[in-house]
Amino acid sequence: MADSNGKTSSHDEYRRTRDTFNKMNVEQQATFLVEATASMVARGVEEAGRAVADGLSDVFGARKQAKRRSEPRRGPGPAEPETAQQRRPRGGTSDAA
């Protein structure tokens, strides 16, 4: 049975998969189950790893931002030249005598 998009419903897909599984011999069924289980575990581990990485990123990112805000500014900012590269304003006094 097709829905309005022309795709088979998930129930029909499940039924076909289940029927195909039932037609397999016991060895094929066992192999299928082991492979499906390993795949599901791998996806779960991958998702858990992503969640942990996101959590650590949030924790350390917030910590890094808080540290940056609490430290006094040292030296020129990212868009400013180094002190040795800065020029004296025109019309300023000269150190040369």
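**Exercise 1. Contacts around the loop**

Task: Leaving aside neighbours within four places in sequence, which residues is M24 in contact with?

Solution. 
- Leaving aside its neighbours within four places in sequence, M24 is in contact with Q29 and F32. Contact means heavy atoms within 4.5 Å.
- This is a predicted model: local features need pLDDT of at least 70, side-chain atom pairs count only at pLDDT 80 or more, and totals for chains, interfaces and linings use all residues. Residues are numbered from 1 along each chain as its sequence is written, and side-chain values use heavy atoms, with hydrogens and water left out.
- Now place M24. M24 sits in the loop between α1 and α2. Helices (H or I, at least four residues) and strands (E, at least two) are DSSP runs, numbered from the N terminus.
- M24 counts as partly exposed because its relative accessibility is 25%. The classes are buried (under 20% relative accessible area), exposed (over 50%) and partly exposed (in between), with a 1.4 Å probe and protein chains only.
- Turn to Q29, a residue of helix α2. Not counting residues up to four places away in sequence, Q29 touches F21, N22 and M24.
- Q29 has a relative accessible area of 19%, so Q29 is buried.

**Exercise 2. The aromatic pair**

Task: How many aromatic pairs does the structure hold? Is the pair of F21 and F32 stacked, edge-to-face or tilted?

Solution. 
- The structure holds one aromatic pair. The ring centres of F21 and F32 are 5.7 Å apart, and the planes stand at 55 degrees, so the pair is tilted.
- Check the rule. Rings of Phe, Tyr and Trp (its six-membered ring) pair if their centres lie within 6.5 Å; planes under 30 degrees apart count as stacked, over 60 as edge-to-face and the rest as tilted.
- Next, locate the partners. F21 is in helix α1 and F32 in helix α2, 11 residues apart, and the pair links distant parts of the chain.
- Finally, classify both. F21 is buried, because its relative accessible area is 13%. F32 has 37%, so F32 is partly exposed.

**Exercise 3. Salt bridges**

Task: How many salt bridges does the count come to? Which residues join into one network?

Solution. 
- Side chains of opposite charge can pair when their charged atoms come close.
- A salt bridge is a side-chain nitrogen of Lys or Arg within 4 Å of a carboxyl oxygen of Asp or Glu. By this rule the count is three salt bridges.
- Take helix α1 (residues 10–23). D19 and R15 both lie there, four residues apart, about one turn of the helix. Their closest N and O atoms are 3.4 Å apart in a salt bridge.
- D19 is partly exposed at 34% relative accessibility. R15 is partly exposed at 37%.
- Move to helix α2. E46 and R50 both lie in this helix, four residues apart, about one turn. Their side chains form a salt bridge at 3.3 Å, N to O.
- E46 is partly exposed at 46% relative accessible area, and R50 is partly exposed at 40%.
- R50 also meets E47 in a salt bridge, at 2.6 Å, N to O. Salt bridges that share partners join E46, E47 and R50 into one network.
- R50 and E47 are three residues apart in helix α2, so about one helical turn separates them. E47 is partly exposed, with a relative accessible area of 46%.

**Exercise 4. The surface**

Task: Which residues form a nonpolar patch on the surface? What share of the residues of the chain count as buried?

Solution. 
- V52, L56, V59 and F60 form the patch, with about 380 Å² of accessible area together.
- Patches are made of residues with over 30% relative accessible area and no salt bridge: like charges are joined within 9 Å, nonpolar side chains (Val, Leu, Ile, Met, Phe, Trp, Tyr) within 5 Å.
- Look at F60, which lies in helix α2 (residues 26–70). F60 is partly exposed, because its relative accessible area is 47%.
- Now take the chain. Its secondary structure comes to two helices and zero strands. Of its 97 residues, 4% count as buried.
- The chain exposes about 9200 Å², and carbon and sulfur atoms supply 54% of it. Accessible areas come from the Shrake-Rupley method with a 1.4 Å probe; for residues, only the protein chains shown count as cover.
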